[in-house]
Amino acid sequence: SYISSAAEPDKILRTLEGKAKDTVPVTLKWDGKDRKHKILPDGDYLLTAYSAVLPDYRVTATVTLSSSPIPVPEVFETGDTIPADPENDEEVWAALTAPAVVGAGTEGQGLYLMKKKKYSPGGSISARTAAVRVLEIDGGWCEVGAWRQAIGEYMEGWVQTEKLTVIPPRLHYGALINKKDHTMTIYEDGKRIGRIRISTGLLNAKNPLAATPPGVYLIGSRMKDFQMDGYHYDYPIRLHGDYLLHTVGYRTKDSVRYYTEELEDLGGEASHGCIRLDIRATKESGYLNAWWVWTHLGRDTRVIVTEGN
């Protein structure tokens with residue numbers, strides 16, 4: 001992989017290398033310096049990444065280098081964050097491209113909401129990736145609403161304003177997960193480009209915390225594939241604590257993958273709380289599937305989960 005100037009994309013300023021380990025995604029980091037370790041001028045640069053296995057397939061992202069800190073917008077009263085009509089593309093896109101107020105902590109940490117200011121905590125949500133509804137701003141405190149981590153129920157409470165931050169929107173892609181018809185609709189630049197069949201959490205006596213919580217989420221880290229209850233799951237992406245996006249599971253026999261069982265569950269409630277995505281790219285889905293989501297929805301892309309039935 002390499003860095004070049006947006007004005008001169010063919011002129012390589014710095015090469016970067018990341019080594020794959022198992023199925024953990026490769027992370028590339030750049031310190032803003034050229035190959036001689038000199039800081040480059042402010043401006044737009046291109047990060048071009050490719051694999052030694054497929055050197056002709058390259059992905060390019062724009063990186064803005066600035067010597068001044070990027071100003072963080074002030075926390076604001078958000079109102080409702082989930083669109084009332086999931087079939088109204090204009091309304092959905094407006095929600096997907098709105099700034100998000102989230103916990104200012106590290107991804108995966110809990111942001112605790114207080115029942116009353118400075119009193120006992122009333123529950124937590126996942127910092128950095130789970131957005132909150134800001135209902136009221138009162139001095140150094142905000143009253144917010146969110147869907148609680150693990151239990152998945154809606155709650156309201158107070159949090160110190162300094163523990164919140166505003167994440168600007170990603171404007172290219174967005175996704176809406178409709179829990180009523182169990183689909184994931186993908187938008188590109190405001191236009192609907194496909195709809196993937198999914199399954200969401202099945203709440204029962206065996207899994208009392210399995211309901212997939214509604215809300216507005218920001219795509220978090222890509223994670224290592226994993227196994228659970230005899231099934232193997234690929235392409236996991238964090239949304240909200242332990243709630244992930246990933247493929248339907250498969251079993252292996254004689255080195256052959258069998259997805260049949262969990263493919264049959266698509267279109268309904270079936271998971272432990274995660275959102276399982278179809279692996280098939282069909283004409284009906286717009287040729288989108290779990291692999292497409294993994295390779296196209298970048299960090300901080302908005303994913304809205306409706307409240308369902």
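I began with helix α1, residues 89-96, where Val92, Trp93, Ala95 and Leu96 are buried. Seen down the axis of α1, these buried residues fall within an arc of 160°, so they line one face of the helix. The arc is taken from the directions from the helix axis to the C-beta atoms. Buried means under 20% relative accessible area, with over 50% exposed and partly exposed in between (1.4 Å probe, protein chains only). Helices (H or I, at least four residues) and strands (E, at least two) are DSSP runs, numbered from the N terminus.

I noted the source: this is a predicted model, in which local features need pLDDT of at least 70 and side-chain atom pairs count only at pLDDT 80 or more, while totals for chains, interfaces and linings use all residues. Residues are numbered from 1 along each chain as its sequence is written, and side-chain values use heavy atoms, without hydrogens and water.

Next I asked what covers the buried residues of α1. The cover includes β12 (173-178), β13 (183-188) and β24 (302-305).

Then I turned to His232, in strand β17 (residues 231-233). His232 counts as buried because its relative accessibility is 16%. I looked up its contacts (heavy atoms within 4.5 Å). Beyond four places in sequence, His232 touches Asp225, Phe226, Gln227, Val248, Gly249 and Tyr250.

I checked polar contacts too: pairs of N or O atoms within 3.5 Å, one able to donate a hydrogen and the other to accept it within protein, with residues adjacent in sequence counted only if both atoms are side-chain atoms. The His232 side chain makes one with the side chain of Asp225 at 2.5 Å. It makes another with the side chain of Asp234 at 3.5 Å.
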